[in-house]
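Please view the sequence and structure below first.

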Amino acid sequence: MTIKTKLNTLLTAPELWLILYLLLSVCIQCLWGNIDTEKLAFPVGAGIGLAAVALLYVLYREKGQSDWVRRLRSPRMSCWLLALVAGWCVVGGSLPSASSFPTSWPFVALLIALLAHLALVIIHRLHHFSFRRDGAFMSLHAGLWLALFSGVAGAGDTMEVKTIVGREDETIMAVGKDGRIHPLGYSLQLQDFSIETNEADGSPTQYTARMLMDGQPVRVSVNSPLQVNLAEDIYLTNFEALPGAGVVSHCVVTIVHQPWKYPMLMGILLLMAGVAWYLKRLGTSSHHS
């Protein structure tokens with residue numbers, strides 16, 4: 001093999017372009033820091049994602065049989081991407097929480113590359129789809145794609161705020177992680193707070209706050225959040241009692257707004273169904289053999 005042939009083979013290798021793509025994301029991270037996910041809030045993030053899928057479909061229609069596109073959707077590329085994502089997760093786990101690793105350019109770039117790879121795999125399989133042969137495969141890959149897409153596209157729509165709910169005045173505002181004030185869209189006021197204890201040793205087993213939401217009684221417990229709507233939940237996170245009185249004067253609640261949680265859950269369920277389907281087929285095959 002001549003040097004020119006080796007060079008041409010190297011330059012057309014998707015793995016090389018993947019590494020260069022990641023190096024570019026590292027440079028962007030060093031220059032501008034983490035991604036401002038608020039700029040990708042709906043409909044921007046979802047629109048960009050769906051437009052990218054449409055472009056990938058056109059790419060497959062026009063160049064689907066080319067060697068380069070086949071290598072992009074190959075099992076080898078799957079191994080590369082999964083290994084890199086796992087490696088970056090290990091790196092991110094060793095960094096301080098203040099680094100906001102999930103919104104770093106390299107990590108998001110890897111997830112986008114994995115989403116593009118999965119989209120090409122799914123598009124290819126749909127062109128030759130047979131439910132009996134490809135049902136488990138499609139359920140697993142489509143579920144993984146939907147879960148990842150919901151996490152990436154929905155990052156800009158996810159918001160977590162905290163507020164103090166007291167007995168005397170209604171609470172209508174909350175504070176975000178960045179210190180900014182956010183209106184709740186409803187009022188909260190503490191009515192009662194109870195602590196359930198273990199009869200054997202007196203240790204607390206459950207904390208429950210009874211509140212008024214826009215004048216209507218509601219209840220929030222530890223590990224049992226209040227669902228405001230399909231996109232928003234209220235969690236009980238802390239409380240404070242009056243000195244010497246033993247009466248809880250106020251509690252702290254965390255409001256999590258996550259409109260993409262149900263598409264993500266659907267993706268996870270599809271993924272689990274695909275895995276179970278595969279395991280059943282493997283069991284059936286081993287039984288017949």
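Arg76 and Glu15 form a salt bridge (a side-chain nitrogen of Lys or Arg within 4 Å of a carboxyl oxygen of Asp or Glu), with their closest N and O atoms 2.9 Å apart. The pair ties together distant parts of the chain. Arg76 sits in helix 5 (residues 75–93) and Glu15 in helix 2 (residues 14–32), 61 residues apart. Helices (H or I, at least four residues) and strands (E, at least two) are DSSP runs, numbered from the N terminus.

Arg76 is exposed, at 53% relative accessibility. Glu15 is buried, at 8%. Buried means under 20% relative accessible area, exposed over 50%, and partly exposed in between (1.4 Å probe, protein chains only).

## Basis of the model

This is a predicted model: local features need pLDDT of at least 70, side-chain atom pairs count only at pLDDT 80 or more, and totals for chains, interfaces and linings use all residues. Residues are numbered from 1 along each chain as its sequence is written, and side-chain values use heavy atoms, leaving out hydrogens and water.

## Other bridges

The structure holds 9 salt bridges. One of them joins Asp134 and Arg133, at 2.7 Å from N to O. Asp134 is buried, with 1% relative accessible area. Arg133 is partly exposed, at 47%.

Arg210 pairs with Asp192, the closest N and O atoms being 3.9 Å apart. This bridge also links distant parts of the chain: Arg210 lies in strand 4 (residues 204–213), Asp192 in strand 3 (residues 181–197), 18 residues apart. Arg210 is partly exposed at 29%, and Asp192 is partly exposed at 34%.

Glu38, Asp178 and Arg180 belong to one network, joined by salt bridges that share partners.
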